[in-house]
Amino acid sequence: MATVAAAALVTVGLAVPAPANAAVTRAELALRWAPIHYQDVDVTGSHALGGKSDYITKIDFDGDLNGRNNWDRAGQTGVSFAAHAYYSVVETSTHWYVTYLFFHPRDWTDSAFFETEHENDGEGVLLAIQRDGSTYGVLRSAVTVAHSDFFSYTPAGSTWTSGRESIDGTLQLQASPHDTFLHPVTAQEAKGHGLKAYPQYNINGDGIVYYPSTVAETPSSGNDRDVRYKLVDIFASGGLWAQRANTSLFANLGTFAGDDSGDCGVGTLDCSINSANAPWGWDDRDDLPGRGQIASDPAKLAVEYFTIPGSLSRTYTYNPYASAAAALAAAARTAPPVVD
């Protein structure tokens, strides 16, 4: 047990958001802007695990950092579906960029024809927040990850408009019953877990509404409309970024390791291997910028996707992804394409 505990990813507790007269920490900033998250749930078929295959959880939900046993372990006893999401913050003098990753142990299907499934699933959203002198800044945009496509949104009143890419919709904000803030609202489909701004995806029948918090709750069922999730810092000591060279967890830089063991692919078209990405591996198949830059160089993505009035610095004052810039660039050239 001691070995497992030592290997487990570090979960960083988040303080209650700072009052307006205090300097905000990155953890507080991430918590303040974390999405209210609508998760559609499907209970059909054995691969659904009664709906649990659509629950968000930690990457080490089973107590280890082996990405190749997650499909099987999701269906076993003794694992945790307590709700967590991962975040990273990078900064310039003009903006904060907060990336959120929602993880599922399975990307699954109940269709016997034309559809594949795979072990592990990682999709999410990037938020751009202008530093305007207020404690938490002003939310200007969101770019979501739905498989191998990105979708861009702006909240009502944003000064950002379409750039090289057309804006795909309005980012809605919603009050949380667990704090005093309006949060952006995102949603994931069941099974494949593509992520868009709500209501472009929505709950269809069973589903879970996840709220950002300082605690991690486990859904009471696949139709629980008030579940709190806890944020985990990607850059924490021993955390996900620190594990990027762990070959039990990653098949290559930014791609989770996953195999076709167990019943993955049984009764479906196929089970693909190594078919989910961490944020530094996310890639839109036909847009700029390059692989992983949605997390590692979000200012570049912002100026590609949006027309932005005023100043936007491209110089980072805090960006731990930069420590692996050469390796990330090499992975962008050489890593196999992944269709999540």
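Strand E3 and strand E4 (residues 116–130) are joined by 12 bridges and run antiparallel, strands here being DSSP runs of type E with at least two residues, helices DSSP runs of type H or I with at least four, and both numbered from the N terminus. Two strands are taken to pair if DSSP finds at least two bridges between them. The structure is a predicted model, in which local features need a pLDDT of at least 70 and side-chain atom pairs count only at pLDDT 80 or more, whereas totals for chains, interfaces and linings use all residues. Residues are numbered from 1 along each chain as its sequence is written, and side-chain values use heavy atoms, with hydrogens and water left out.

Tyr-87 has Tyr-100 of E3 as its bridge partner. Strand E3 (residues 95–107) is mostly covered, with 13 of its 13 residues buried, where buried means under 20% relative accessible area, exposed over 50%, and partly exposed in between, for a 1.4 Å probe and protein chains only.

Tyr-100 also belongs to the largest nonpolar core, which holds 48 residues and in which Trp-33, Tyr-38, Tyr-100, Tyr-210, Tyr-229 and Leu-231 touch the most other members. The largest share of this core, 5 residues, is contributed by helix H2 (residues 26–33). A nonpolar core is a set of buried Ala, Val, Leu, Ile, Met, Phe, Trp, Tyr and Cys residues joined through side-chain atoms within 4.5 Å. Beyond its neighbours within four places in sequence, Trp-33 is in contact (heavy atoms within 4.5 Å) with Tyr-100, Leu-127, Ile-129, Tyr-136, Gly-137, Leu-139, Leu-182, His-183 and Pro-184. A second, separate core comprises 38 residues, including Val-90, Val-232, Phe-250 and Ile-294.

An open sheet of 3 strands is found in the order E14-E15-E17, with antiparallel pairing. Strand E14 (250–252) and strand E17 (276–277) stand at its edges with a single partner strand each, so one side of each is left without a neighbour in the sheet. Strand E15 (residues 255–256) is joined to E17 by 2 bridges, and Thr-255 stands opposite Asn-277 in E17.

The count of disulfides, defined as pairs of cysteine sulfur atoms within 2.5 Å, comes to 1. This disulfide is formed by Cys-264 and Cys-271, whose sulfur atoms lie 2.0 Å apart; both cysteines are buried. The torsion about the S-S bond of Cys-264 and Cys-271 is about 90°, and the disulfide is therefore right-handed.

Helix H5 (residues 298–305) has 6 of its 8 residues buried, so the helix is largely enclosed by the rest of the structure. The buried residues of H5 are Pro-298, Ala-299, Leu-301, Ala-302, Glu-304 and Tyr-305.

Taken as a whole, the protein has 6 helices and 19 strands. Its radius of gyration is 19 Å, close to the 20 Å that the globule rule gives for 340 residues, so the protein is as compact as a globular protein of that length; the radius is taken over C-alpha atoms, and the rule is 2.2 Å times the number of residues to the power 0.38. Of the 340 residues, 57% count as buried. Among contacts between residues at least 6 apart in sequence, 65% join residues at least 24 apart.
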